[in-house]
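Grab a pencil and work through these exercises with the model open beside you. Try each task before you read its solution.

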Amino acid sequence: MPVANIPAAKRAGLPVDLDRLTAEGDDWLSPEQRYALKTHGVCAQSQPQVFMVRVRNGGDLTAGQACGLADIAERHGRGWLHLTTRQQAELHHVHATEVNAVLAAVRALGLTTRSTCGHTVRGVMWCPDAGVALAEPFDCAPDAHAITAAVLARTPDLDTQLPSRVNIHLGGCPACRDHARLNDAGLVSVLGAGGQPGYELWVGGSLGRSVPTLAVKALDFVPRAHAVTAVTALLDVYIAHGNFDQPNKARMKFLLRDLGADRFLDLFRAAYARTCRRPHPPPPQVEVSDADLAAAVLAQAPEGGWSRGVRPQRTPGRAVVTVEIPLGDLDADDLRGLAGLAGRYADGVLHLTRDQDITLRHVPLGAVPALRGDLGDLGLAVAGTTAARDVRACTGGPVCSLAITASQQVAWAVRSSPALARNGHLRVSVSGCPNACAQQQVADVGFSGGKVHVGGGAQLGYQVWLGGDIAAGRVGQVVGRVAERDVPAITEAIVGLWEALRAAGESLPQTVTRLGPDAFAAHIDRVFRGRWESGAEPGQRPRAAGDTPTAGLTLEPDRLLPLAVA
């Protein structure tokens with residue numbers, strides 16, 4: 001398929017005739033018009049005449065919205081939805097002639113697909129526990145909503161001016177502090193002088209296929225009143241100085257690298273000072289967490305005690321319950337069922353998480369056993385209570401047009417691994433291409449799909465990433481490659497070696513760093529001689545800006561390979 005001239009499409013204003021798409025299908029679309037569709041949240045799948053539609057919900061769905069999306073999925077998307085690591089929902093297999101109807105149906109629910117794909121501000125994420133968890137300093141959701149509204153108001157201009165995509169995240173729990181460094185803009189909730197709520201601001205983070213990079217700190221403290229101001233200033237600097245005409249070299253991390261951190265931060269701080277002088281409405285008041293509440297909250301507990309999946313709220317007698325959604329995939333009936341449980345046991349809202357799960361808030365402690373039972377009736381469970389682990393995965397082939405391997409099939413095999421059942425806290429990510437939709441570079445064990453040379457021949461398989469540790473400021477590195485069918489066995493070997501050699505309290509990335517990635521690779525090479533090759537794919541390096549994707553591989557829609565489990 002011809003490659004779109006994205007800068008030209010932006011300069012032309014991103015025109016695309018949605019009514020003609022409804023009437024004629026997509027055969028007439030030029031590459032530039034296909035790109036323009038992305039700014040409506042519509043991306044072509046690998047199959048002809050069908051599209052993925054991504055919904056910008058900000059991480060929250062009311063029960064009514066969830067039921068409405070289930071109805072849309074049944075009418076237009078083969079009855080299933082995919083939850084992403086960006087806290088959004090995707091509808092797949094939407095026929096070209098039905099795209100416009102889906103967009104209208106999403107808008108009727110009070111949701112939007114606008115600017116969820118392409119070179120846009122793709123999403124504004126925030127901690128699903130914000131405002132209720134003991135670890136969150138305050139509720140960042142009002143500020144996330146304000147940033148979203150400001151961005152959406154500017155999308156007609158931003159979508160034609162941004163050099164590349166932008167992701168924004170807010171939150172202050174330990175996991176969110178780490179996650180801030182993976183985003184173009186990460187706002188970490190903190191309390192400043194006198195207990196004033198505000199944010200640390202981190203900028204320039206991104207994984208992706210090119211030069212995985214962690215963000216750098218731009219400001220120690222941004223008052224809540226200036227959260228929108230700070231994001232506005234960052235976007236203005238990015239538009240003014242980013243590499244608009246070379247999209248493959250245009251992510252904010254490349255601008256930070258090309259200008260140097262000092263110059264980039266000087267430009268941003270000057271722009272921030274200017275925007276702070278503009279009039280802006282005050283933010284709504286939020287309640288600041290009270291450390292003295294902990295004793296009263298923890299004096300009560302649900303049946304079975306607290307756990308990863310059942311966590312205490314600031315309100316005594318209430319719990320936050322996370323429902324495990326295997327690989328982020330839900331059919332319409334299950335989504336309706338969860339909406340019903342949200343109304344019966346919680347506050348009527350489904351909070352989507354970065355782990356592709358769903359969280360329910362304000363669950364009375366006495367209702368937790370009944371909720372567990374009702375989840376079981378849906379074939380679901382509270383996170384952390386099943387033998388199978390929740391592995392992070394993208395949709396992969398044959399759905400995604402960029403995917404090279406069937407990541408979902410591999411992830412299903414890996415998630416039932418005995419090694420992961422013994423170590424429920426391990427993070428395993430499987431991406432169907434070198435892109436980072438599953439964030440394999442910061443997983444305990446990460447896999448990125450592609451063409452690999454193993455055992456003397458080229459075949460579909462995975463490069464293996466180890467050593468990613470955001471808290472330590474490290475992204476992982478490729479230690480080897482493996483055929484698709486051997487991914488579960490390699491996972492067992494990696495985890496087994498860590499179990500044998502780890503020091504007390506040592507994480508898998510810490511053990512890899514202490515011993516060295518080459519030591520892990522050498523061990524696996526000895527055990528799996530002929531089924532494993534150490535190092536990155538020959539001739540490949542960590543992909544630099546401007547590289548083109550792996551080409552020449554296709555995936556049959558119903559292709560399945562048997563996976564070795566030992």
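**Exercise 1.** Find the residue that stands opposite L81 in strand 13.

*Solution.* Next, look at the strands themselves: strand 4 (residues 80–83) pairs with strand 13 in the antiparallel sense, over three bridges. Here a strand is a DSSP run of E with at least two residues, a helix is a run of H or I with at least four, and both are numbered from the N terminus. Two strands pair if DSSP finds at least two bridges between them. One caution: this is a predicted model, where local features need pLDDT of at least 70 and side-chain atom pairs count only at pLDDT 80 or more, while totals for chains, interfaces and linings use all residues. Residues are numbered from 1 along each chain as its sequence is written, and side-chain values use heavy atoms, leaving out hydrogens and water.

**Exercise 2.** Work out the order of the five strands in the open sheet whose pairing is antiparallel.

*Solution.* Trace it across: the order is 1-2-5-4-13. Now check the ends: strand 1 (42–44) and strand 13 (329–331) are the edge strands, each pairing on one side only. Last, the twist: it averages 30° from one strand to the next. (Angles run from 0 to 180 degrees between N-to-C directions, and axes are lines fitted to C-alpha atoms, for helices over the stretch in contact.)

**Exercise 3.** Which strands does helix 4 lie across?

*Solution.* Helix 4 lies across strand 2 (50–55), strand 4 and strand 5 (89–95). Then pick out strand 5: helix 4 runs at about 25° to strand 5.

**Exercise 4.** Describe how helix 4 and helix 5 pack.

*Solution.* Two packed helices are described by the angle between their axes and the distance between the axes. Helix 4 (residues 63–76) and helix 5 (residues 99–108) pack at about 170°, with axes 10 Å apart. That makes the two helices roughly antiparallel (over 145 degrees; under 35 is roughly parallel, 65 to 115 roughly perpendicular, the rest oblique). Now list who touches whom: L69, I72, R75 and H76 in helix 4 meet A101, V102, A105 and V106 in helix 5, where contact means heavy atoms within 4.5 Å.

**Exercise 5.** How much of the protein is buried?

*Solution.* Buried residues (under 20% relative accessible area, with a 1.4 Å probe and protein chains only) make up 58% of the 566 residues. To finish, picture the whole thing: the C-alpha atoms fill a box of roughly 65 × 60 × 50 Å, taken along the principal axes.

Terms used:
Buried means under 20% relative accessible area, exposed over 50%, partly exposed in between (1.4 Å probe, protein chains only).
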